[in-house]
Amino acid sequence: MRIMGLDVGSKTIGVAVSDPLGWTAQGVTTIRRKSKAADVDALKQLVARYGVEEVVVGLPRNMNGTFGPRAEEARAFAARLEAELGLPVHLYDERLTTVAADKILLEADLSRRRRRAVVDQVAASIILQGYLDRRGQNGV
């Protein structure tokens, strides 16, 4: 069963997909946001292409654990996706995923331009891998 992970930003959506067994996450693309309808259509195409059965959306939280305006936007996006795709959509705490993604890409010695191009995919992979790991620990 494949699961899709999303790092939803104001300008882009990083997309990652699990392997068929649901053990590992791989970044697949970054969607440039145009409109809510266009964003959902692009995700529908990816869901069909990869045979996705669940979606995980990163939920931005403040460092003290509270929720701000970006968290509410993520919740609304997740609710819309669930309604449009007809698939279960889960929220997963994404604190520091972009920082971690940047660190990984810096250590890989990628140029600033290349980092900018893939950071959202890497962040989506980190969100998805965290979800897959937690899910595996719970025996689900």
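Which strands does helix α1 lie across? Helix α1, residues 36-50, lies across β1, β2, β3 and β4 (52-59), and its direction is at about 150 degrees to that of β3. Axes here are lines fitted to C-alpha atoms, for helices over the stretch in contact, with angles from 0 to 180 degrees between N-to-C directions. Contact is heavy atoms within 4.5 Å. Helices (H or I, at least four residues) and strands (E, at least two) are DSSP runs, numbered from the N terminus.

Some housekeeping. This is a predicted model, where local features need pLDDT of at least 70 and side-chain atom pairs count only at pLDDT 80 or more, while totals for chains, interfaces and linings use all residues. Residues are numbered from 1 along each chain as its sequence is written, and side-chain values use heavy atoms, leaving out hydrogens and water.

Now the sheet. It is open, with five strands in the order β3-β2-β1-β4-β5 and mixed pairing; two strands count as paired if DSSP finds at least two bridges between them. At the edges are β3 (25-32) and β5 (89-93), each with a single partner strand, so one side of each has no neighbour in the sheet. From one strand to the next, the twist averages 25 degrees.

β1 (residues 2-8) and β2 (residues 12-18) are antiparallel, over five bridges, with M4 opposite V17 in β2. Helix α2, residues 69-85, packs on the sheet and touches β1, β2, β4 and β5; its direction makes about 170 degrees with that of β4. β4 and β5 pair in the parallel sense, over five bridges, and V56 has H90 in β5 as its bridge partner.

Next, the interior. A nonpolar core is a set of buried Ala, Val, Leu, Ile, Met, Phe, Trp, Tyr and Cys residues joined through side-chain atoms within 4.5 Å. Buried is under 20% relative accessible area, exposed over 50%, partly exposed in between (1.4 Å probe, protein chains only). The largest core has 20 residues, of which M4, L6, L43, V55 and L81 touch the most other members. At least two residues each come from β1, β2, α1, β4 and α2. Leaving aside neighbours within four places in sequence, L43 contacts M4, L6, I13, V15, I31, F77 and L81. A second, separate core of 10 residues includes A16, V56, A124 and I127.

Last, S125, in helix α4 (residues 112-137). S125 is buried at a relative accessible area of 14%. Beyond its neighbours within four places in sequence, S125 contacts A16, A25, Q26 and G27.
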